[in-house]
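Have the structure open while you go through them.

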Amino acid sequence: MRRLAKKKMLSPWVHPRSSIYWFRRRVPAKYLKFGMPTEIRFSLETRIWEEAVALCAEHNLRLEREWKAGLVGEKPTQMSFRQIAGLAGEFYRETIGARSEEPGKPLDIQAELSATKRRRFPPPGIPMHDGHLYGSFSEEARRFLTEKGIILVGDRLKLFLEAYVDAKSVALEELLENANGKYKKNPAADDFPAYDRPADPAHQFDVLWDDYKGDVGRALAASTVKRWLPCMESLMSFAGTRDMSRVTEKHILGWRDNLLDKSIPRKKLITPKTVRFAYIAAAQSFFGWAKRNSRLPSDPAAEVHVEVVSKKAIKMRGFRDDEAATILSAALAPMSEQMTAESRAARRWVPWLCAYTGARVNEMTQLRAMDVHTYDGIWCVHIRPEAGTVKTLRARSVPIHPHLVEQGFLEFAAQKQGETPLFYAIERQRKKDRKNPTYTSVGNKLASWVREDLEITDPTVAPNHGWRHRFKTVARKAGLDAEKRDAIQGHAPRTEGENYGEIPPDVMLPEILKLPRYEVEPGELRDGRRRKAR
C-alpha cells in the first residue's frame with residue numbers, strides 16, 4: 001500500500017528577548033494576490049512548549065481554511081479612477097490595432113456604432129439607472145477584463161462600463177473613417193491617459209526573490225545569489241518599479257547601456273565583463289526562473305547580450321618550489337602583535353592546509369571547529385557548503401597530512417568548539433549581511449600578504465589559487481591516482497561513471513601520504529604594517 005508523504009509540521013518560534021512562543025508562517029504565493037502581508041506572525045502568549053505546539057497547529061488550520069475559502073471568490077482588483085480610464089484607453093488601442101488594417105464595410109461599422117450609442121441609454125421614458133449599463137455591456141466588458149486578469153465590482157465596475165462604452169464609440173468612429181479610406185486618429189482618443197496596470201503582490205520583487213533564493217539557492221552558491229541582489233536593486237532603480245511584471249526588454253537594454261556608459265561618473269568602473277557575468281547574468285537567472293515557474297508572464301532578459309572582447313588567455317601556473325617555501329616559511333615566522341589572534345591563525349595555518357589539500361582558499365578560511373573531526377580514526381577537515389562556499393556544492397572530508405598534525409594543527413583547532421570559525425571572529429564582523437562574507441575577506445588579506453609583503457608578484461600565479469595548481473603538479477609527480485586526486489581537491493568527476501559511489505577518507509589517505517613533506521625553516525617577521533609605521 002502506498003504511503004502518503006508526511007507534511008512537515010509548523011513549529012512555534014521563540015522570541016529571543018521575551019522567551020514567549022510566537023506563530024510565524026509565510027503566506028503562500030497563490031494567496032498573496034489577496035493583498036495579504038508576506039508573513040503572518042503573532043504571539044501565542046505562552047512559554048510552555050506543549051501548549052504553544054497545540055496553539056500553533058490550531059491557528060495554522062484556521063488560516064488554511066480561511067485562505068482556501070478565499071479562493072472561491074477572488075478579491076476585486078484595486079484601481080483608481082485614472083487607471084480605469086487608462087484601461088478603457090487600452091481597449092480602444094487594442095480594438096484599433098486589431099481592426100484598422102481591414103476595418104470592414106462602412107455600413108456594417110455604422111450599424112455597430114449606432115447600436116452602441118442606442119444601447120448606451122435606456123429606451124425613451126425609462127429613467128437612467130445603475131443597472132442599465134451592466135445589463136447592456138457587462139458580458140463583453142467582462143470578457144475584456146478577464147483577458148487582463150482584472151476583477152471589478154461595485155462603483156469601480158460602473159466607472160469602467162461608462163469608460164468602456166465611450167472607448168468603444170471612439171474606436172468605432174475612427175474605424176468608420178478608416179473604412180472610408182481616411183486614416184486619421186480620432187482626437188477624442190487623446191482623452192484617455194496611459195494605462196497604468198494595477199500591481200499584483202505576487203509580482204513584487206521581494207516576494208519573488210525569497211522564493212527564487214529557496215529554489216535556485218540549491219544549485220548556486222549562496223555567495224553568488226547574495227552578490228546578485230545589488231545587481232537586481234540597480235535594475236529596479238533604473239526601471240523605476242519593484243513590480244517585476246512591468247520590467248521590459250527595453251528597460252534591461254537601457255540599463256545595460258547605462259552600465260556600459262563610461263561617461264557616467266561612478267565610484268568604481270564597471271567593465272563589460274562585469275556587466276555580462278554579474279548584472280545581466282543575475283537578471284537572466286532571476287527572470288528565467290520566474291518564467292519557467294509561471295511566476296511572471298515573460299522573460300525580458302532572455303535575449304539581452306553584452307559583447308566582451310576576449311583577451312589572450314594567460315596560462316596560470318602553480319607556485320614554484322622557491323615561492324612555496326617563501327610562503328610556508330613566512331607562515332611559521334613571528335607575527336605582528338597588531339594582528340588579531342584569528343588573523344595570525346589564518347596566516348599560520350591556511351597556506352599549509354592549502355599546500356597539503358589543494359583546497360580552495362575560502363574552503364579553508366570558512367572552516368569551523370566542528371569541521372575538524374575523525375573518520376574511522378582518521379583526522380580530517382570536513383569541507384561543506386553550509387559553512388560557506390563550496391564550488392561544486394558537494395561536501396567532502398579530506399585527511400589531514402601527518403606533517404600538519406606534528407605542527408600542532410589539531411591542538412589549535414581544539415581551542416574552539418562547535419560552529420566557532422577557526423580563522424575569523426563572528427563578534428568582530430562589521431556587517432553580517434555584507435556582500436563578501438568574512439571568510440572571503442580573510443582570503444583576500446592572505447592574497448595581499450603574498451603579493452605585497454612576500455613580493456610574489458608574477459601575474460601568471462594567483463596568490464591563493466596557486467596552491468591548487470601546485471598541488472596538481474606535485475600530485476602528478478608523486479604518482480597520486482587521478483580520480484582520488486580530483487576527489488581530494490573537490491574537482492567535479494570527469495565521467496558519469498566517476499559520479500557513482502564515494503571516495504572516503506580511508507581511500508584518500510594513502511594518496512595523501514605519497515605527497516612529499518615541506519621542510520622549511522621559520523622566516524623573519526615580514527609585515528606591511530611595520531613598514532607603513534616607519
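1. Salt bridges first, so a word on the term: a salt bridge here is a side-chain nitrogen of Lys or Arg within 4 Å of a carboxyl oxygen of Asp or Glu. The count by this rule is 32 salt bridges. Bear in mind that this is a predicted model, where local features need pLDDT of at least 70 and side-chain atom pairs count only at pLDDT 80 or more, while totals for chains, interfaces and linings use all residues. Residues are numbered from 1 along each chain as its sequence is written, and side-chain values use heavy atoms, leaving out hydrogens and water.

2. Have a look at E90 and K148, whose side chains form a salt bridge at 4.0 Å, N to O. This pair ties together distant parts of the chain: E90 sits in helix 2 (residues 81–99) and K148 in helix 4 (residues 130–148), 58 residues apart. Helices (H or I, at least four residues) and strands (E, at least two) are DSSP runs, numbered from the N terminus.

3. Two other pairs are worth a click. R242 and E233 meet at 3.0 Å, N to O; R242 is partly exposed at 32%, and E233 is partly exposed at 32% too. In the salt bridge between K514 and E511, the closest N and O atoms are 3.1 Å apart. Is E511 buried or exposed? E511 counts as buried because its relative accessibility is 6%, whereas K514, at 39%, is partly exposed. There is also a network, in which salt bridges with shared partners join R317, R320, D322, E323 and D458.

4. Next, L161 in helix 5 (residues 154–179). L161 is buried because its relative accessibility is 3%. Leaving aside residues up to four places away in sequence, L161 touches L133, Y134, F137, S138 and A141, where contact means heavy atoms within 4.5 Å.

5. Finally, the whole chain. The protein chain has 19 helices and six strands, and 43% of its 534 residues count as buried. Of the contacts with a separation of 6 or more, 66% are between residues 24 or more positions apart. The chain exposes about 30,800 Å², with carbon and sulfur atoms supplying 52% of it; accessible areas come from the Shrake-Rupley method with a 1.4 Å probe, and for residues only the protein chains shown count as cover.

Note on methods:
Buried < 20%, exposed > 50% of the residue type's maximum accessible area, 1.4 Å probe, protein only.
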